[in-house]
Amino acid sequence: MDNLILQLKQQIIEALNLEDLTPADIDAEAPLFGEGLGLDSIDALELIVLLEREYGIRLSNPAEGKEIFRSVASIASYVADNRKK
Amino acid sequence: MKTIAHVRVTPEGAVLDGNHISDASITGLYREFAGDYPKFFKMDNLCRLGFVAAELLLKGTSAEDRADAAVVLFNRNGSLVTDRNYQKTISGGDFFPSPALFVYTLANIVTGEIAIRHKIYGETSFYVMPAYDPGQMDDIAEDLFLTSSPSFVLTGWVDYNDDNDYLADMKIMTR
């Protein structure tokens, strides 16, 4: 799981152009939206694309998104359980 | 019309009111003269260029004046660099359109980014022209003083092709 969390942090930094951050700067348990990294709605769409492109995961239920994208750790948990590649 | 501030940003650095103030790149200028606006890193390069030029120009203005100001910018290439980058995400075998790129596939986004950053509530517009034409650009900017009453107009050229080919030549005009 630690390797997946690190990989996700690197992919998030690249996909969202968080050039000032390193994986170590991102707390895996910290909220991604509102506080923490302060991501916005465009970032949320970019994360959805990232999950499909990198892990073959297609989110069919938008209601799930709030919990899945709560933190890097919650994304990692969902990816581990649902990845197609 | 009076020009009260002028900035020129190129790969050689930045010149403010005739004084060479930095050799830095666009991102280097951001770190040197702003550095407190993480959204900068989400912007495409056209927006980053216009953003740093505006940062340098607007330092001497008041919040009250900025609220009533207008922003009118011009270039030749629109948002072509980002348009091409976005096209790559929807071409070929993999179809993963990038929302973060898509939002910058309009050149006038740079005027919006500047207005948001500096709380400018006046008119904003962006014109794509066949070539750099200071006379026509000034005419369009000056027309704003006839049809509305901006405290000042932030205007000029902002065009980005690649890291070795970009130019922001912007100024603040008052009546």
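User: Which residue forms a salt bridge with Arg58(A)?

Analyst: Arg58(A) pairs with Glu52(A), and the closest N and O atoms lie 3.7 Å apart. Please note that this is a predicted model.

User: Is Arg58(A) buried or exposed?

Analyst: Arg58(A) is exposed, since its relative accessible area is 66%.

User: What does Arg53(A) meet in a salt bridge?

Analyst: The side chain of Arg53(A) meets that of Glu54(A), with an N to O distance of 3.1 Å. Arg53(A) has a relative accessible area of 27% and is partly exposed. Glu54(A) is likewise partly exposed, with a relative accessible area of 31%.

User: How many salt bridges are there over all chains?

Analyst: The count over all chains comes to ten salt bridges. Between chain B and chain A the count is two.

User: Which side chain meets Lys42(B) in a salt bridge?

Analyst: That partner is Asp43(A), and the N to O distance in this salt bridge is 3.1 Å.

User: What is the area buried between chain B and chain A?

Analyst: The buried area is about 1100 Å². Carbon and sulfur atoms give 57% of that area.

User: How many residue pairs are in polar contact across the interface?

Analyst: Four residue pairs are in polar contact across the interface of chain B and chain A, with both residues of each pair at pLDDT 80 or more.

User: Is Arg117(B) buried or exposed?

Analyst: Arg117(B) counts as buried because its relative accessibility is 19%, and the cut-off for buried is under 20%. Arg117(B) also belongs to a network with Asp36(B) and Glu55(B), which are joined by salt bridges that share partners.

User: Back to H1(B): which of its residues are buried?

Analyst: The buried residues of H1(B) are Ile26(B), Leu29(B) and Tyr30(B). Viewed down the helix axis, these buried residues fall within an arc of 105°, so they line one face of H1(B).

User: What do the buried residues of H1(B) pack against?

Analyst: They pack against H2 and several strands of chain B, namely strand E1 (2-10), strand E2 (13-16), strand E3 (19-22), strand E6 (153-162) and strand E7 (165-174).

User: What is the phi of Gly35(B), after H1(B)?

Analyst: Gly35(B), which follows H1(B), has a positive phi near 80°.

User: Which residues have a positive phi although they are not a glycine?

Analyst: One of them is Asn17(A), whose phi is about 55°. Asn17(A) sits in the loop between helix H1 (2-15) and helix H2 (41-55) of chain A, and at 30% relative accessibility Asn17(A) counts as partly exposed. Another is Asp17(B), with a positive phi of about 50°. Asp17(B) is found in the loop between E2 and E3 of chain B, and Asp17(B) is partly exposed at 45% relative accessibility.

User: Last topic: where is Thr155(B)?

Analyst: Thr155(B) is in strand E6 of chain B. Thr155(B) is buried, with a relative accessible area of 1%.

User: What does the side chain of Thr155(B) reach?

Analyst: The side chain of Thr155(B) reaches the backbone oxygen of Val72(B) at 2.8 Å. Beyond its neighbours within four places in sequence, Thr155(B) has contacts that include Val72(B), Leu73(B), Phe74(B), Ala141(B) and Met173(B).

Conventions. Residues numbered from 1 in each chain as written. Chains lettered and ligands numbered in written order. Predicted model: local features only at pLDDT ≥ 70, side-chain atom pairs only at ≥ 80, totals over all residues. Heavy atoms only, no water. Buried area = accessible area lost by both parts, 1.4 Å probe. Salt bridge = Lys/Arg side-chain N within 4 Å of Asp/Glu carboxyl O. Polar contact = N/O pair within 3.5 Å; in protein donor to acceptor, adjacent residues only side chain to side chain. Buried < 20%, exposed > 50% of the residue type's maximum accessible area, 1.4 Å probe, protein only. Helix = DSSP H or I, 4+ residues; strand = E, 2+ residues; numbered from the N terminus. Arc of directions from axis to C-beta. Contact = heavy atoms within 4.5 Å.
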